[in-house]
Amino acid sequence: MALAQKHPFFTVRDYLDYERFSAEKHEYLDGNVYAMAGESINHSTLCFNLNRIVGNELRGKGCRGFSPNMKIATNDRGLFSYPDLAIVCGDPIMFDNHKDIITNPTVIFEVLSPSTASYDRGEKFLRYSNFIETLQDYILISQDEPFIEHYRKQENGGWEKSEIRDLESVLEIASIDCRISLSELYELVDFENE
């Protein structure tokens, strides 16, 4: 999803009070609230395929997926976001008693939009990697071409990046024992119309 318009400065409490009753979704970054824009047909197709594939891969493994309607918090004040898919292994830890914000994802997937790709690769990844101790994998999926960027947390706390650009390849996510065939992920995605 793409960030569209910016609203005036909000405290976290103002944002959460506003967001919980809003008909639109908004992300929060350091007091700024951004309305989420709609998605393209490729974005929507990739999200559907991703959820189907990962959901099947997770069966019986003690991990569960959360749709883009569930918020992720990086800490108590910095970033509240709606990733395209978040995976939690074990019990989810909730931000507060409303139980609509997760703080302990193991894996986060983002399908890139032209308007948010640099934000997803930059500031958002920095927040996720620096403030979510449970995060093991951050995966960015291009909707314009078969291309995946996979960031894996290393034992020393650093992050290693790998890239996949081949529809015949398979993305392996060891932290959740999951394999994603790129040909299956990109099924029915039409690169010509993007």
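Q: Is Glu149 buried or exposed?
A: In this predicted model, Glu149 is buried, because its relative accessible area is 2%, and the cut-off for buried is under 20%.

Q: Okay, and where does Glu149 lie?
A: Glu149 belongs to strand β11, which covers residues 148–153.

Q: What does Glu149 touch there, leaving out residues up to four places away in sequence?
A: With those left out, Glu149 touches Leu112, Arg121, Tyr138, Ile139, Leu140, Lys161, Ser162 and Glu163. One of these, Lys161, also has its side chain joined to the side chain of Glu149 by a polar contact of 3.2 Å.

Q: Let's talk about charges, then: how many salt bridges are there?
A: The count comes to 19 salt bridges.

Q: Which residue does Arg152 pair with?
A: The side chain of Arg152 meets that of Glu160 in a salt bridge, with an N to O distance of 3.0 Å. Arg152 counts as partly exposed because its relative accessibility is 26%, and Glu160 is partly exposed as well, with a relative accessible area of 38%.

Q: And which residues are joined into one network?
A: Salt bridges that share partners join Arg121, Glu145, Glu149, Lys161, Glu163 and Arg165 into one network, so Glu149, the buried residue you began with, is among the members of that network.

Q: What about Asp120, which residue does its side chain meet?
A: The side chain of Asp120 meets that of Lys124 in a salt bridge of 3.3 Å, N to O. Asp120 is buried, with a relative accessible area of 3%, and Lys124 is buried too, also at 3%.

Q: How far apart in sequence are the parts that Asp177 and Lys61 tie together?
A: Those parts are 116 residues apart in sequence, because Asp177 lies in the loop between β13 and β14 while Lys61 lies in the loop between α2 and β4 (63–66). Their side chains meet in a salt bridge of 3.6 Å, N to O. Asp177 is exposed, with a relative accessible area of 52%, whereas Lys61 is partly exposed at 31%.

Q: Switching to the inside, which residues touch the most other members of the largest nonpolar core?
A: Phe109, Ile141 and Ile180 do, in a core that has 25 residues.

Q: Which elements give two or more residues to this core?
A: They are the helices α2 (41–58) and α5 (182–185), together with the strands β7 (85–89), β9 (107–111), β10 (137–141), β13 (170–173) and β14 (178–181). The largest share, six residues, comes from α2.

Q: What is Ile141 in contact with, leaving aside neighbours within four places in sequence?
A: Ile141 is then in contact with Leu46, Leu50, Phe109, Glu110, Val111, Leu112, Phe147, Ile148, Leu185 and Tyr186.

Q: Last topic, backbone angles: what is phi of Asp30 near?
A: Phi of Asp30 is near 50°, which is a positive value in a residue other than glycine. Most residues other than glycine have a negative phi. Asp30 lies in the loop between β2 (26–29) and β3 (32–36), and Asp30 counts as partly exposed because its relative accessibility is 40%.

Q: And what about phi in Leu188?
A: Leu188 has a positive phi of about 70°, although it is not a glycine. Leu188 is found in the segment after α5, and it is exposed, with a relative accessible area of 74%.

Note on methods
Residues numbered from 1 in each chain as written. Predicted model: local features only at pLDDT ≥ 70, side-chain atom pairs only at ≥ 80, totals over all residues. Heavy atoms only, no water. Core = buried A, V, L, I, M, F, W, Y, C linked by side-chain atoms within 4.5 Å. Buried < 20%, exposed > 50% of the residue type's maximum accessible area, 1.4 Å probe, protein only. Helix = DSSP H or I, 4+ residues; strand = E, 2+ residues; numbered from the N terminus. Contact = heavy atoms within 4.5 Å. Polar contact = N/O pair within 3.5 Å; in protein donor to acceptor, adjacent residues only side chain to side chain. Salt bridge = Lys/Arg side-chain N within 4 Å of Asp/Glu carboxyl O.
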